[in-house]
Amino acid sequence: MRVLRRGDGGPAVAEVRATLTALGLLPPVIGTTDAGLFDQPMEHAVRSFQQQRGLITDGLVGPATYRALRDATHQLGGRPLAFMVSAPISGDDVLTLQERLLELGYDAGRPNGLFGAQTEAALRNFQRDYGLTVDGICGPETVRALRQLSPRARGGRPVLLREQERVRKAGPRLRGKRIVIDPGHGGADTGLSVGGVNESDLMWDLATRLEGRMVATGMESLLSRGPDQCPTDEERATFANEAGADLVLSLHTDSNASPHAQGVASFHFGTGNGSTSTLGEAMAGLIQRELAMRTGLKDCGSHPKTWDILRLTRCPAVRIEIGYLTNADDRARLSDPGFRDVVAEGILVAVKRLYLLGENDQPTGSFTFADVLAHELAKAE
Ligand SMILES: [Zn+2]
C-alpha cells in the first residue's frame with residue numbers, strides 16, 4: 001500500500017479518517033469537503049493512535065499503522081472468530097478473547113491479537129469445560145459465556161507466569177538454549193548510514209561476536225539472516241518460530257534529527273495497556289541494566305512495543321537499539337571493535353541472568369564472560 005501523509009487526499013484517506021472518527025480520535029466532519037483530506041488534526045489523531053498502540057509515532061499511515069487501525073475497529077462479538085490456517089484473523093476482538101481466556105486460566109499463548117492454533121486449543125478447552133459446542137469458533141454463544149463469567153483475581157498475568165515457569169523448569173543452565181540473534185537490516189538495506197558507518201555492518205559484526213560467546217557457553221545460536229540478506233521482520237519472526245527459539249535478540253542502532261540524542265534503549269512485546277510478555281520485559285530490563293552500566297551509553301530505558309519482530313515471535317523477544325549513529329560520541333564508540341565486545345559481553349550476561357532468575361545476584365556490570373563460562377562448566381560436571 002501507499003504510505004499516507006499530511007496533504008494527501010482520496011478514498012484511502014477518507015477510509016482512515018472514518019476509522020479514526022469511529023475510534024473517537026477525530027470529531028466527525030460536517031459536510032463532505034474535508035472528508036478525504038489528510039489535514040493537521042488528522043495527523044495529530046494518527047500520532048495519538050500510534051502512541052496508544054506502541055507504534056513508531058511518526059504521523060504517517062504505513063502498513064503497520066494501517067493494520068493496527070483495521071484491528072482496532074473489531075470488538076468482541078462483532079464477527080465470528082476461528083483459526084484460519086491460510087489467513088489468520090487479527091484484531092482487537094481476538095486480543096480481548098485471548099485476554100479473557102487467559103484470565104479464566106486457559107493458555108491462549110501470548111495475547112497478540114492473532115487467532116492462531118494455541119488460541120483455538122484454549123478456546124476448545126474452554127468450550128468443553130463450560131458445556132458449549134466444542135467447535136473452536138468464537139460465536140455468539142461463546143461470547144455470551146465469556147461475558148457471564150467473572151474473571152478470577154486480576155494481576156496474576158497468567159501468561160507471563162506461565163512463560164516464567166517454563167524458564168524455571170528449564171533450569172539455570174545456558175546449555176541447550178536456542179537463541180536467535182537478529183542483526184537488523186542487511187544486503188541492499190544498510191539501515192542508518194552516517195559518516196561512512198552502516199548500521200547493517202555494525203550489527204552484523206556485533207551479532208557474530210555475540211554468536212561466538214553463546215556457542216562457547218553451550219547455547220545454540222542462530223542468525224536470522226546472512227551477511228547479504230535482508231528478510232522482512234515477519235520472515236525473521238517466522239524463522240525464529242520455526243527454529244523453536246527460546247529467545248530472540250534483535251540488534252539495531254537508533255537515529256534522530258537532533259545530533260544530541262544518544263543512548264541505549266530496549267524494547268519488548270507489550271501493548272502499553274497492560275498486555276506484556278513478562279519474560280520479554282524481564283529480558284529487556286536485564287539487558288538495559290547491563291548495557292547502561294558497562295558501556296557508558298545514556299540509559300534510555302526499556303519499553304513495550306508491538307513491532308512485528310516482537311509481536312509475531314512466539315518466544316520472548318527483545319529489540320535493542322544500541323546508541324544513536326546520528327550522535328558523534330555514540331558513533332565513535334560503536335566504531336570501536338573493543339566497544340562491541342563490551343556490548344556482546346553485557347548481552348550474554350543479561351541472558352545468563354534471565355535463566356538464573358535471581359539465583360545469582362552478582363551486581364550488575366561485574367559478571368564477566370569468564371564467570372559465565374566457569375558456571376556452565378561447573379554445571380556440566
Ligand atoms: Zn535499524
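## The zinc site

Donors are N, O and S atoms within 2.8 Å of the metal (3.2 Å for Na, K and Ca), and since water is not among the atoms, sites may look incomplete. With that in hand, the donors of the zinc ion follow the spacing H-x13-E-x52-H along the chain. They are His185 (NE2), Glu199 (OE) and His252 (ND1), which coordinate the zinc ion at 2.1 Å.

Both His185 and Glu199 are buried, that is, under 20% relative accessible area, where exposed is over 50% and partly exposed lies in between (1.4 Å probe, protein chains only).

## About the model

This is a predicted model: local features need pLDDT of at least 70, side-chain atom pairs count only at pLDDT 80 or more, and totals for chains, interfaces and linings use all residues. Residues are numbered from 1 along each chain as its sequence is written, and side-chain values use heavy atoms, with hydrogens and water left out.

## Around Asp8

Let's turn to Asp8, which sits in the segment before helix H1 (11-22); helices (H or I, at least four residues) and strands (E, at least two) are DSSP runs, numbered from the N terminus. Asp8 is buried, with a relative accessible area of 16%.

Contact means heavy atoms within 4.5 Å. Not counting residues up to four places away in sequence, Asp8 touches Arg2, Val3, Val13, Gly36, Leu37 and Phe38.
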